[in-house]
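Here is a short report on aromatic contacts and helix geometry. Keep the model open while reading.

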Amino acid sequence: MTQLQTRREAERVMIIGMASAQRHHSQRIVNKILQLSRPSEHARFQSNLTEIKTLFSEFETNHLHIEQGTVPGYPIMVQNSDSVKIRFQFLKPYYFGFRESVQRVIQEAEQVNSPEEFTSKVDLTALLANETPFLENMDAVVQQYTRETLANVDTTRLIEFTIYLFTLLALVFAGWYILRPAINKFEAVIVQLVEAETRTATTNRKLLSLNRALKETRQQLFDATRQQYQQQMDEQKLRTSYLVAGQEEERKRLSRELHDGIGQMLTAIKLQVESFERSLNGKEKEIKSFVVLKDLIAQTIQETRNVSNNLMPTVLSDFGLIPAVKMLADSHDKNSKTDITFHTNLSNVRLDKSVEIGVYRIAQEAVSNALRHAEPTQITIDLFEKDNYLHLIVNDDGKGFRIHRSRKEDTKRPSQGIHNMHERAALINGKFKISSAPDKGTKVQVSIPFKLVQQEYEYTKVNAG
């Protein structure tokens, strides 16, 4: 209520400010007109005339708004009292006379050809005669506004005092008849809460003791479960290791039998065919057939050697990992469109047997997968030691593929080749990582803790292609 009343009085003060400004406007207009008629101001005749027009336009606009109780640019509407309206009635003749005089002066100033002609023609008698009564009556309007505003302020103060007094009485009533019984009840509730808190604290101590015992039991159960799980994982890893070792031994046996058995027999067949070919003198047709047969036997011998070497390359067990990987890079078909390059910074070292076999099989699987599926033009094999880790990186620029990473897609069984590489890396405590994207090639990376064995061999850094 007081805020509404205060806002109304603030709007009335804005009207009073505009009414006070009207007196200032009228005085400035008269002063500028007097400057317009002075010979010393002839040089500024046009600028003074423009300023008079601007001031007069504001003077007319403000007077109309004041009389209606509005302020330009603000949503304000003040209802003028009868006393203010009467004083505006007294003011009107002098306002219209003053306005007509100013309009006449502006019209004469616009029609003259020179400032000297305006000075000789202008008559300021009517203007000056209306100025003083206008100022006096406008003063009466401002004073009436001020008296009404002060009276409204007193009324607002009385309203505020009444509201404050009523509020005080209401608070006293509420304190005596509402708050006092509530406080008494609140005190009783506090006492009950204190008693309940004491009982709760006792119960909490008991619960904390039980909770500690439960945590100890849970930790013991967790340790036992983790130990059992670790034992199962170690047993599984050991079984897998034995299985892989058995596979390697079987590969070695098959490789030896292919090389020493079937390979030797095929070589003997080839020698017999060559001997029989030499005995065919002049029989051109039979010679051509024997040439084809001899080539076929040679291809079979070479394929048998490749199979034997893939099963278990003797260079791996005889000379170590680095010569074996170099031979893997050199043994691909030179007529193919794929170039295989091998780089290493290792020299004069032999690794643990299981590490050498595992790293070689991973490199062999990665190269084989790239040649079979990716159609690359370049395969790079990097084998190096860094930060106490042995790193194997096989890069190809082939077709690549999309690696699924969402939980739903991760449930799909990976390809057997990737699965084999991952398992072999785990058996030698290595970290396996594969990254690929369509048309971006594939990168296989394995990192194993770097452990050397006592046996060493002479080998220099190679760059095979």
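A residue is buried when its relative accessible area is under 20%. By that cut-off, both Phe59 and Tyr95 are buried. The model is a predicted one.

**Aromatic pairs**

Searching the whole structure gives eight aromatic pairs. Two of them are tabulated here.

| Pair | Centre distance | Plane angle | Class |
|---|---|---|---|
| Phe59 and Tyr95 | 5.7 Å | 35° | tilted |
| Phe173 and Tyr177 | 4.8 Å | 40° | tilted |

Phe173 and Tyr177 share helix H5 (residues 125-279). They are four residues apart, about one turn of the helix. An α-helix has 3.6 residues a turn, so residues three or four places apart point the same way. Is Tyr177 buried or exposed? Its relative accessibility is 54%, so Tyr177 counts as exposed.

**A charge over a ring**

Arg180 places its charged end over the ring of Trp176. The distance to the ring centre is 4.4 Å.

**Helix H9**

Helix H9 (residues 353-374) has 22 residues. At 1.5 Å a residue it should span 32 Å, and its end C-alpha atoms are 31 Å apart, which agrees. Glu375 follows H9 and has a positive phi, near 55°.

How values were computed:
Residues numbered from 1 in each chain as written. Predicted model: local features only at pLDDT ≥ 70, side-chain atom pairs only at ≥ 80, totals over all residues. Heavy atoms only, no water. Helix = DSSP H or I, 4+ residues; strand = E, 2+ residues; numbered from the N terminus. Expected span 1.5 Å × (residues − 1). Phe/Tyr/Trp six-rings, centres within 6.5 Å; stacked < 30°, edge-to-face > 60°. Buried < 20%, exposed > 50% of the residue type's maximum accessible area, 1.4 Å probe, protein only. Lys NZ or Arg CZ within 6 Å of the ring centre and 35° of its normal.
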